2 protein chains.
Amino acid sequence: MALVVQKYGGSSVADTESVKRVAHRIVGTQRAGDDVVVVVSAMGDTTDELVDMAGEITDSPPQREMDILLTAGERISMSLLAMAIHELGASAMSFTGQQAGLITDDVYGHAKILAVAPERIKAALRDGHIAIIAGFQGVHVATNDVTTLGRGGSDTTAVALAAGLEADVCEIYTDVDGVFTADPRIAPRARKIGRITYEEMLELAASGAKVVAERAAEYARRYHVPLHVRSSFSCEEGTWILGSYDEGDAPVEAPIISGVAHDNSQAKITVVGVPDVPGMAARIFEVVADAGVNLDMIVQNVSADASGLTDISFTLPADQGDTAMSAIYAVQGEIGYGRRLYNDQIGKLSLVGAGMKTSPGVSARFFGALRDAGINIEMISTSEIRISVVTRQDQLATGVEAIHTAFGLDAKQIEAVVYAGTGR
Amino acid sequence: MALVVQKYGGSSVADTESVKRVAHRIVGTQRAGDDVVVVVSAMGDTTDELVDMAGEITDSPPQREMDILLTAGERISMSLLAMAIHELGASAMSFTGQQAGLITDDVYGHAKILAVAPERIKAALRDGHIAIIAGFQGVHVATNDVTTLGRGGSDTTAVALAAGLEADVCEIYTDVDGVFTADPRIAPRARKIGRITYEEMLELAASGAKVVAERAAEYARRYHVPLHVRSSFSCEEGTWILGSYDEGDAPVEAPIISGVAHDNSQAKITVVGVPDVPGMAARIFEVVADAGVNLDMIVQNVSADASGLTDISFTLPADQGDTAMSAIYAVQGEIGYGRRLYNDQIGKLSLVGAGMKTSPGVSARFFGALRDAGINIEMISTSEIRISVVTRQDQLATGVEAIHTAFGLDAKQIEAVVYAGTGR
């Protein structure tokens, strides 16, 4: 008998019919002999609708109130799911984040989990219940106030509970069959990945793959929680995310390419004519970070002429573009740079795989394929297991297909199923 | 400086525009120098929509899950209201029933308040905040599970908090100007009552007047909480509900007639041919009560002939009709009655006023007015301060108007305002 934590996202519980479908799967798991803990997101667009209502009232809601507002959606979905399970003759109890013991700090809107004390969940399992837990929410340790975990919160709730309960597996149910070698909407011959390491999944998630939240993958890596990403619309095995390759699974020929990720939600800022003296680049990054902006790739051109000036470029989430541009403008006098350039028509393309850095052939093939496809490269960044480039946004899809083909990732036939009624 | 508890019902916060309007009133009260505690219901039809969703999933939801589902609506309205107050430059914090210290038993669906421990509310007031509390909900003392208080729950939350905080007044905001001498939709010349005792309000509420929940009026009576029922759409004084008449206000000539109430949500069951032996009537009421049905008026006809049989009639909420009929059917063999008759086309009309029983002229005028209006009376029941009759439902409105006129309650001009955009 295993202990299974299952997480269902909003598209899996979009309406009451979907809730009933998911209930069948959950009860089936229990009847197969496992203890089942379920983490559920708000139904469909509920959270967006709540955000819209807040927007009708104020542009600057107190974050404490925003958090209690947003947690209403999961209370609805969790109780309806418990009812649907009950209707099938099994027994379920639903729990809020507070009741499930998800203790957080008080950074409303993106609270950090400080501890998991799932005593009530353990008791419910002992009594033969299926435990349903509201995703995305916790309670502040000191005030008893409700907090939300922010983006990817429900995935993180599931992984944190799986760690706290020492579950055998944490299943992340979504509307695709698993993690693919590329986004099937762009690369139709993308293949489902059977297994992948935490590190590779982290790089894919950080590079734009949306199927598992980066934060949840990080949490799983730290606490060694086996993840199984699969579809709530089929019974196929999905993608296993594990600590390392078993013997026999181990890469015989390095490198193993995991897949190609893309991200077109970024923008690029270039600060032109920065005095090339120590500390100037650091000062720019400092004011941008102080404004709460997350930088991604950074490139500084060495000043080739005798002007003593240099250009600094970096990428950032496009929705933080205005904030960053204002922060840089505020220090123009202090730094004495020339101009600021802003470009949100960019895309980021990343190839992720184990042992990549130690295989010089990978880079050659990567850049060769992009050249042959006529893709212009604006920035480059690499890590142990990743190569990323920034291209023009309108060339991004062409680049993803070219790289996918060049590294032999194309499936012989189309594998990715796009399920009816879902967003993709 | 006074401490004011204000309760706003669903029609007062039907949409985000209404939430903003209510926020203005609340901030105005605070700026006038008072401490303000607000109890808020779910917006408009939210609770009905949640009930409908549960109905799509199951006919018999576990009541614990139903309660956590239904409390989502107040979390939404309370946080939006706190945001709207913040937008006006004042400071507000919202609190769930649990956070506000509304401790209940575990009778899900109609939990009873066991204690009120509003420490966080007191602290919020000390810090200069307006405190917004979710109506209708509490927390079970032992399990930390969420409970709902059932029908009239938000009124009860407000009165309980007012008692626990020793507030100077509990204002019940609704979509009419106060308590009227009759329902203005039926008796257009109904007058607003300036003040009334708890006992009279209780009789009016029990007789069908919906403006204040009977249970809240009972709670207010027990803890001497001054109630002020008024409209959230105007600044008029409404109806004060207080312990007793002050000297000077005291009735010079008994009786003081408070008003005419009506109720067309009841049904009548008649059990025909019951053996007229001791204990048989009691047995019928016992099985009906065991089925959870609330009886109201009861009439037993004395057997006038030599048959030794009698007929027993009683009224009950029409939505409990099937349950009661089944319960009686189950004991037909045991009791040996003849037939069961069911009639939901009835109405109940009640006249409420202080000192009524000691004024014989009241009954004479009451029944004379009904006779003159051609109303047929099916059942009669009286209390210290009330006379009620059951009539045909299609004669109920005529009866209300006739009694209202006969007791000189008609206003010289129409007083009741029906506010745009509300249900009445």
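Where in chain B does B:His224 lie? B:His224 sits in the loop that links helix H8 (214–223) to strand S11 (227–231) of chain B. Please keep in mind while you look around that this is a predicted model.

**Two residues with a positive phi**

Most residues other than glycine have a negative phi. B:His224 is not a glycine, yet its phi is positive, at about 55°. In chain A, A:Glu166 also has a positive phi, of about 50°, without being a glycine. A:Glu166 belongs to the loop between helix H7 (153–164) and strand S9 (169–174) of chain A.

Are these residues buried or exposed? A:Glu166 counts as exposed because its relative accessibility, 68%, is over the 50% cut-off. B:His224 has a relative accessibility of 63%, so it counts as exposed too.

| Residue | Phi | Relative accessibility |
|---|---|---|
| A:Glu166 | about 50° | 68% |
| B:His224 | about 55° | 63% |

**Two helices from two chains**

Now turn to helix H3 (residues 63–70) of chain A and helix H4 (residues 72–87) of chain B, which pack with their axes 8 Å apart at an angle of about 160°. Angles over 145 degrees count as roughly antiparallel, and H3(A) and H4(B) are therefore roughly antiparallel to each other. Their crossing is left-handed.

Which residues make the contact? H3(A) contributes A:Glu65, A:Met66, A:Ile68 and A:Leu69. From H4(B) come B:Arg75, B:Ile76, B:Met78, B:Ser79, B:Leu80, B:Ala82 and B:Met83. The residues of this contact divide into 8 nonpolar, 1 polar and 2 charged.

Notes
Residues are numbered from 1 along each chain as its sequence is written. Chains are lettered from A and ligands numbered from 1 in the order in which they are written. This is a predicted model: local features need pLDDT of at least 70, side-chain atom pairs count only at pLDDT 80 or more; totals for chains, interfaces and linings use all residues. Side-chain values use heavy atoms; hydrogens and water are left out. Helices (H or I, at least four residues) and strands (E, at least two) are DSSP runs, numbered from the N terminus. Buried means under 20% relative accessible area, exposed over 50%, partly exposed in between (1.4 Å probe, protein chains only). Axes are lines fitted to C-alpha atoms, for helices over the stretch in contact, and angles run from 0 to 180 degrees between N-to-C directions. Angles under 35 degrees count as roughly parallel, over 145 as roughly antiparallel, 65 to 115 as roughly perpendicular and the rest as oblique. A crossing is left-handed if the near helix is turned anticlockwise from the far one by less than a right angle, and right-handed if clockwise. Contact means heavy atoms within 4.5 Å. Ala, Val, Leu, Ile, Met, Phe, Trp, Tyr, Cys and Pro count as nonpolar, Asp, Glu, Lys and Arg as charged, and the others, Gly among them, as polar.
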